[in-house]
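Open the model in your viewer and keep the selection tool at hand. We will go from stop to stop, and at each one I will say what to pick and what you will find there.

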Amino acid sequence: METIATRPKSLTDLQFTYCPGCLHGVAHRLIAEVMDELDMRDNTMGVAPVGCSVFAYKFFNCDMAEAAHGRAPAVATGMKRARPSMHVFTYQGDGDLAAIGTAEIIHAANRGEKITRFFVNNAIYGMTGGQMAPTSLPGMKTSTSPYGRDTDDVGFPIKVSELMSALEAPYYIERVSLLTPQDIIKAKKAVRKALLFNKEGRGFSMVEFLSTCPTNWGLDAIESLEWAKENMLPYFPLGVYRDKSVEEA
Ligand SMILES: Cc1ncc(C[n+]2csc(CCOP(=O)(O)OP(=O)(O)O)c2C)c(N)n1
Ligand code: SF4
């Protein structure tokens, strides 16, 4: 029988620990497939976050480090500056990147660190029990906003890709979704561009994945996809927010 899919070499054999229907595993797989395709595994270092994807350092089969909550961009900066020939990526959730780690990500982007950021936006703190994140939607019920996010009280959800693209230095920024098979195919193209630009030493790149947290949203896997399509896509438009390779062409 013809083999049409195998586990990427850039993933270890460990079984993911994510909840059923969680899309962290899909994001991991896309990154690993592209690392294989670009033959980057032997000279890539990743930084795992604090959050549900904390064990990314066990799942990716390349050199990995674990950073304190929100500090992945700072750790990655040090790694890249100490070993400029290595390709460095970070993987962070929205609590990690857009709350406690806001300063680190903005300054790393502003310095144009030649690193790739993978940002998984599921609009909630997953690991700690579904608290409101900076990306939780207006009116969204979470364990710390049981009556819904009140924007008069806590402000509006932060649009990270738009915020980063206001800076001069970033080379490539795109927001993609993992909500349909077609979107996953498009997301892989974005991952490929981000890692290729990294391999070519071009500059700061970031892919924001719109994702789900069925467990803390209180939905099943299918319902969570529908909820994200109805509620996240209008607020977080998909698209390329910066691509200097187009400007250079
Ligand atoms: C300094 C510090 N503060 C708070 C925490 C608790 N904490 C662990 S994970 C997390 C939020 C993770 O949410 P997110 O980054 O959105 O990732 P997800 O779990 O949704 O993938 C928090 C607040 C911690 N581990 N360290
Ligand atoms: S709590 Fe949410 S983000 Fe975390 S593994 Fe489960 S579904 Fe995924």
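This is a predicted model: local features need pLDDT of at least 70, side-chain atom pairs count only at pLDDT 80 or more; totals for chains, interfaces and linings use all residues.

Select D39 to begin: D39 counts as exposed, with 11 C-beta neighbours inside 10 Å. Residues are numbered from 1 along each chain as its sequence is written, and chains are lettered from A and ligands numbered from 1 in the order in which they are written.

Stay with D39 and check its backbone: phi is positive, about 55°, although D39 is not a glycine. Most residues other than glycine have a negative phi. D39 sits in the loop between helix 1 (24-37) and strand 1 (44-48). Helices (H or I, at least four residues) and strands (E, at least two) are DSSP runs, numbered from the N terminus.

Now step back to helix 1, which D39 follows. Helix 1 has 14 residues and reaches 20 Å from its first C-alpha to its last, close to the 20 Å expected at 1.5 Å a residue; the expected span is 1.5 Å times one less than the number of residues. Colour its buried residues: H24, V26, A27, H28, L30, I31, A32, V34 and M35. They pack against strand 1, helix 2 (56-59), strand 4, helix 8 (181-199) and strand 6 (205-210), where a contact is two C-beta atoms, placed from the backbone, within 7 Å.

Next, select A123, in the loop between strand 4 (116-121) and helix 6 (151-154). A123 also has a positive phi, near 65°, and is not a glycine. Is A123 buried or exposed? A123 is buried, with 28 other C-beta atoms within 10 Å.

Finish at the ligands, where a residue is near if its C-beta atom, placed from the backbone, lies within 6 Å. Of the 18 residues around ligand 1, G51, G93, G95, D96 and G126 come nearest. Helix 4 (residues 94-100) gives the most to this shell, four residues.

Around ligand 2, select Y18, C19, C22, H24, C52, N122, G126, M127, C213, P214, T215 and N216. The largest share of this shell, three residues, comes from helix 9 (residues 214-217).

Methods. A residue is buried if 20 or more other C-beta atoms lie within 10 Å of its own, exposed if 12 or fewer, and partly exposed in between; C-beta atoms are placed from the backbone.
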